[in-house]
Amino acid sequence: MTVKQMRAFLAVAQSLSFAAACERLHLSQSALSLTIKGLEEGLGGRLFSRNTRNVALTPEGESLLPLARRLIARSEEHTSELQS
């Protein structure tokens, strides 16, 4: 898991929209999809149930959500400390 993958996961999970997450992260649809796919392959399971109209977290995605939030918060804390 990378910080980039966690940020992408959180953006999709919070908006439940790949298009909105792309705008937020300034990524193309294909770049975001590849990032999520890489995360899913690394973890060995699907994090989102998606079709052309809906995106929803799978049970695996739901269980990853609190961990992803903590990891990103810690990453931001460390970045802030380094910039001080």
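Trainee: Which residues in helix 2 meet Gln29, Leu32, Ser33 and Ile36 in helix 3?

Mentor: This is a predicted model, where local features need pLDDT of at least 70, side-chain atom pairs count only at pLDDT 80 or more, and totals for chains, interfaces and linings use all residues. Residues are numbered from 1 along each chain as its sequence is written, and side-chain values use heavy atoms, leaving out hydrogens and water. Contact means heavy atoms within 4.5 Å; helices are DSSP runs (H or I, at least four residues), numbered from the N terminus. In helix 2, the residues are Phe18, Ala19, Ala21, Cys22 and Leu25.

Trainee: How are helix 2 and helix 3 oriented to each other?

Mentor: Axes are lines fitted to C-alpha atoms over the stretch in contact, with angles from 0 to 180 degrees between N-to-C directions. Helix 2 (residues 18–25) packs on helix 3 at about 100°, axes 9 Å apart. Angles of 65 to 115 degrees count as roughly perpendicular. The two helices are therefore roughly perpendicular.

Trainee: At what angle do the axes of helix 1 and helix 3 cross?

Mentor: Helix 3 covers residues 29–43, and the two axes come within 9 Å. Contacts involve Phe9 and Val12 in helix 1, among others. The axes cross at roughly 110°.

Notes:
Parallel < 35°, antiparallel > 145°, perpendicular 65-115°, else oblique.
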